[in-house]
Amino acid sequence: MWPSAVAVGVASILWFGSSLNRYLTLALCSALYIILGGSLTIWQIYKTTPRDIKGLMRFIRLQLKLKHAQRNNLSVPKIFQNVVSKHRNKVAFYFEDESWTFAQVDELSNRIGNYFASQGIKHGDSVAVFMENRVEYVCLWLGLTKIGAVPALINYNLRLEPLVHCIKVASCKAIVCGSEVQEALCDINERKEISGIPTYVYGPREADITIQGGKDLDEALSSVPTTTPPQLQNVNFADNMVYIYTSGTTGLPKAAIIKHSRGFMAMIAGACMINLWEDDIVYSPLPLYHLAAGLLGSGQALICGNTVVIKRKFSVNAYWKDCVKYQCTAGQYIGEICRYLLNMPERPEDKQHKLRIMFGNGLRPTIWEEFQKRFKIPMVCEFYGSTEGNANIINIDGRVGAVGFVSVLFPRVYPVALLKVDEETREIIRDSNGLCIRCKPGEAGEFIGKIIQNDPVRDFHGYADKSATNKKVVKDVFCKGDMAFLSGDILVMDEEGYLYFKDRTGDTFRWKGENVSTIEVENVISRVTGLTDVIVYGVEVPGTEGRAGMAAVLGSDEALNLEQLYDGVAKSLASYARPLFVRTVKKMEMTGTFKLKKVTVQKEGFNINIIKDKVFFLDAKQKAYVPLTADLYNKIISGEARL
C-alpha cells in the first residue's frame, strides 16, 4: 500500500508544482517514475496526473455522499423530502407552458402514494408505468416509491408481445396507462397474462376511457390527502426502487433492477462527476423511461434541487430555442441528437443560449469538435455506462472522442478493465490458469467492472429474470472466485488511459438512440414470413450514429412477400427496431453449436456492389420495402436520402 500512498502524495505536489517551473515539474515526474518502478513513462505521468487528481477528488466527493446515504438509510424519496424542505417554492420542473414547484411535485407524489396504498399496493409490489413524458410521470414513479412499490418504466413505443412481456416479467400488480397510449393496451387487454391486472388511465383526454375495466386515475386522485405516506419510513437504501428495461441477448426487453442505492448514485453522479451546480437549469428532452433522463436528468431536481426542463418528445427545431427560453445552463444529449442539431441550418439561437456544459453519450468523434465550436459549448462530458451495469466511466476533461478514462497511475482505485476476446466469436479468452487476460493499450477488448457486493457503485443487481442476470456475470477474472459484470461492449484504451468505444457484442445494436435486440426482430420476421432462418444485425451507414438494422432471410426472392413483411414489422416493432435493409440469401453458415453465423453478412453490410443477393430498403414515405437500386444506394451513402 505504501507505494500508492507515496504516489498520491507526489502526484498532489506535482499538481500544484507544475506552475512553479519546468525543472521542478520534471524532477517530480522523475520521482514518481522511480516510485512506480519505471512501469510508466515520465510523459504519461506528466499528462495524466492533473486529470487523475481532478477525477479522484470528484470520486471521493461522490463516495462520501453515498456513504452518508447508506449510513442514514436514505432512500431516494426520503432525500427528496429534505430537498423539498429547502426549496419548497423553487421551480423543480418546466414542461411546455407549465412550471411545477418542489411543493407541487411533493403533494402530487404524496397523493399517488396514498392512493395506491389504499388500493392494496404493498412494499415490493411492481406497478407498470406506460405513458409519454410529462411532469406527472416523475410524480407517479416517485409517489409509488414512497410506499415501497417498484414502478416498471415501460417504453411507450412498445406494442403486442414485447409490451405483454414487459408487464409480465416484472410481475406487475397494476398498470398506469397514459391516455395517449390507451390503444396499445386495448390491443392486449384480453391476454390472459394481464387480463386480471387493474388498469388506471392517467392524463388529459378528449374521449372516454376505452380500456375495458380501466379506472380514471385523475378523478381518483382529486380526493386523496397530500400528506406524506407513512410507509415512507420503511423504504430503505438497499430496497428495489424501479425497473428500467434494457435490450439484450434474450431477445425481449429485460427488467433491470435499480435499487435506491444505485438510483441515488446515478443521480448524485451528475452533481459530483459531471460537476453540475445547484443553480444549474438542466435541459433534458430524452424519454423518461430511460435511465439517462428518468434518473440522471430528472434526478438533478429530486436529489440536488436543480430545475429541470422536460419535453414530451425531442424536437430538433426546439432544442436551442428551449435552452434560450428557460435559460438552461446544462443540456443532455445522445449521439443522434448532436447529429440532428448539426444538420440543421444555422440560426441565431445556436449561440444565444447559456449552456456551460453538455453531458450524455454517443457523440461521434468525427463531429465532436465541429459540434462544440458551432454551438459554443465550453465543455462536453461524454460518459459510458449501461442501465444495469457497474462498469461506468466519464470523460471529465473534454478529450475528443473519449467515453471516459482509467487512471494509469492508480488503476486499482476504480476496478474496471478491458478483457481480450476472440475477434469472431467475441468470447473471452483465458490463459493457461483459466483466468482472463487484460488488454494492453491499443488492444480492443470487452469492458468489465469488478463486482463488490453491497457496494453502491460496484455491485451488480441484475434483472427480474435471474437467468438473464447470470449471463452478464463472468467468474474467475483475475483470481479464482472473483466476479465481474460483462458490459457487452468492445472498447480500446490509449497510453494515457482514455477509453474509446469501438463496437457492441452479443445480439444488440444501437439505432436512433435505442438498443435493438436482434433476436426480438428475428422472431418477428420469422413469424411474419413463415421462414425459420433469419439473421438480423446492425450495419454502419455513413453520416449516421449507431447501426441501422438489416435482415438476411433464407429463401428465394419469390418466397419473400415484401408487403406482408412490412405490415408485420410495422405492427409489431417500434420504428427504430424495424430493419432498414433486407436481403435474401440462399444458404447460411452455422457454428459447431448450430448457431447462425453473422460475421460474413455483417461485413458485407448493404453494399450492393459486392452483394450478389437482392437487397431491399424500407422506404418510410411509401410505407414499403423497395428494391435497393444503384441510384438509391448512392443517395444513402452520400447522405442525400434521409433515414
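Where does K623 lie? K623 sits in the loop between strand 27 and strand 28, with helices (H or I, at least four residues) and strands (E, at least two) taken as DSSP runs and numbered from the N terminus. The model is predicted, and local features need pLDDT of at least 70, side-chain atom pairs count only at pLDDT 80 or more, and totals for chains, interfaces and linings use all residues. Residues are numbered from 1 along each chain as its sequence is written, and side-chain values use heavy atoms, leaving out hydrogens and water.

Q327 is another non-glycine with a positive phi, about 60°. Q327 is found in the loop between helix 13 (319-325) and strand 12, and at 46% relative accessibility it counts as partly exposed.

As for the overall picture, the protein chain holds 20 helices and 28 strands. Its C-alpha atoms fill a box of roughly 75 × 70 × 55 Å along the principal axes. The radius of gyration, taken over C-alpha atoms, is judged against a globule rule of 2.2 Å times the number of residues to the power 0.38. For 643 residues a compact globule would come out near 26 Å, and the protein chain has 25 Å, which agrees. Of those 643 residues, 57% count as buried. With contact meaning heavy atoms within 4.5 Å, residues 24 or more positions apart account for 70% of the contacts with a separation of 6 or more.

Eight strands form an open sheet in the order 2-1-11-10-12-13-14-15, with mixed pairing; two strands pair if DSSP finds at least two bridges between them. Strand 2 (98-101) and strand 15 (393-394) stand at the edges with a single partner strand each, so one side of each is left without a neighbour in the sheet. Helix 5 (residues 102-118) lies across strand 1 (91-95) and strand 2, and runs at about 80° to strand 2; axes are lines fitted to C-alpha atoms, for helices over the stretch in contact, and angles run from 0 to 180 degrees between N-to-C directions.

Further into this sheet, strand 10 (residues 281-284) and strand 12 run parallel and are joined by two bridges. Y283 has G331 as its bridge partner in strand 12. Q332 belongs to strand 12 (residues 330-334) too, and counts as buried at 1% relative accessibility. Leaving aside neighbours within four places in sequence, the contacts of Q332 include Y283, S284, P285, Y319, M358 and F359.

Another open sheet has five strands in the order 24-25-26-27-28, again with mixed pairing. Strand 24 and strand 28 (624-627) are its edge strands, each pairing on one side only. Neighbouring strands of this sheet are turned by 30° against each other on average, direction ignored. Strand 26 (residues 581-585) and strand 27 (residues 615-619) run antiparallel, joined by three bridges, and R583 has V615 as its bridge partner in strand 27.

Helix 17 lies across strand 24 and strand 25, at about 135° to strand 24. Helix 17 (residues 518-529) has twelve residues and reaches 16 Å from its first C-alpha to its last, close to the 16 Å expected at 1.5 Å a residue; the expected span is 1.5 Å times one less than the number of residues. Nine of the twelve residues are buried, so helix 17 is largely enclosed by the rest of the structure. Among these buried residues are E520, E522, V524 and I525. Their packing partners include helix 7 (160-169), strand 25 (548-554) and helix 18 (562-572). Helix 17 is followed by G530, whose phi is positive, near 75°.

Finally, the cores. A nonpolar core is a set of buried Ala, Val, Leu, Ile, Met, Phe, Trp, Tyr and Cys residues joined through side-chain atoms within 4.5 Å. The largest has 154 residues, and those with the most contacts inside it are F93, F116, W141, I167 and W320. Helix 6 (residues 135-145) gives the most to this core, with eight residues. Apart from this core lies another, of 46 residues, including A551, V553, A577 and Y625.

Note on methods. Buried < 20%, exposed > 50% of the residue type's maximum accessible area, 1.4 Å probe, protein only.
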